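Please look at the structure shown here, and then work through the questions and answers that follow.

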Amino acid sequence: PVIAIARIYRDHLKRYDEAVRWFRRARQAKGIDAGHEILVTREIIELCTGKLDTPRAAMPELARLAERFAGSREGELAREELARLRAAAQTPSS
């Protein structure tokens, strides 16, 4: 239900900050399995890099995925995406 609430905030109400809060709440739910944890964290990352246009806010989420799922495809993808965001953050804007 918490994920559904987060998606309502994101998709119907366009309240992206509130959606991120609800996705984080879902991730903290007792007994969440690895698949849902990855899914919810990815939803947060997509909101930060997309609708909220705050890629720096996505960095800790990517670092979390890379560390938590090190050695997995998801962990490796998160590590690569984090490296790209860090490089982009260090490049001066034109």
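Q: Is Tyr9 buried or exposed?
A: The model is a predicted one, in which local features need pLDDT of at least 70 and side-chain atom pairs count only at pLDDT 80 or more, while totals for chains, interfaces and linings use all residues. Residues are numbered from 1 along each chain as its sequence is written, and side-chain values use heavy atoms, with hydrogens and water left out. A residue is called buried under 20% relative accessible area, exposed over 50% and partly exposed in between, using a 1.4 Å probe and protein chains only. Tyr9 has a relative accessible area of 17%, so Tyr9 is buried.

Q: How many aromatic pairs does the structure hold?
A: Rings of Phe, Tyr and Trp (its six-membered ring) pair if their centres lie within 6.5 Å, and planes under 30 degrees apart count as stacked, over 60 as edge-to-face and the rest as tilted. By this rule, the number of aromatic pairs in the structure is 1.

Q: Which kind of pair do the rings of Tyr9 and Trp22 form?
A: The pair links distant parts of the chain, with Tyr9 in helix α1 (residues 2–12) and Trp22 in helix α2 (residues 16–27), 13 residues apart; helices here are DSSP runs of H or I with at least four residues, strands are runs of E with at least two, and both are numbered from the N terminus. Trp22 counts as buried, at 17% relative accessibility. The ring centres of Tyr9 and Trp22 are 6.4 Å apart and their planes lie at 20°, so the pair is stacked.

Q: What covers the buried residues of α2?
A: The buried residues of α2 are Tyr16, Glu18, Ala19, Val20, Trp22, Phe23, Ala26 and Arg27. Contact means heavy atoms within 4.5 Å, and what covers these residues includes α1, α3 and α4.

Q: What is the relative accessible area of Leu47?
A: Leu47 is found in helix α3. Leaving aside its neighbours within four places in sequence, Leu47 is in contact with Arg10, Tyr16, Ala19, Val20, Phe23, Leu52 and Asp53. Leu47 is buried, and its relative accessible area is 2%.

Q: How far apart are the end C-alpha atoms of helix α5?
A: The expected span of a helix is 1.5 Å times one less than its number of residues. For the 18 residues of helix α5 (residues 73–90) the span should therefore be 26 Å, and this agrees with the distance between its end C-alpha atoms, which is 26 Å.
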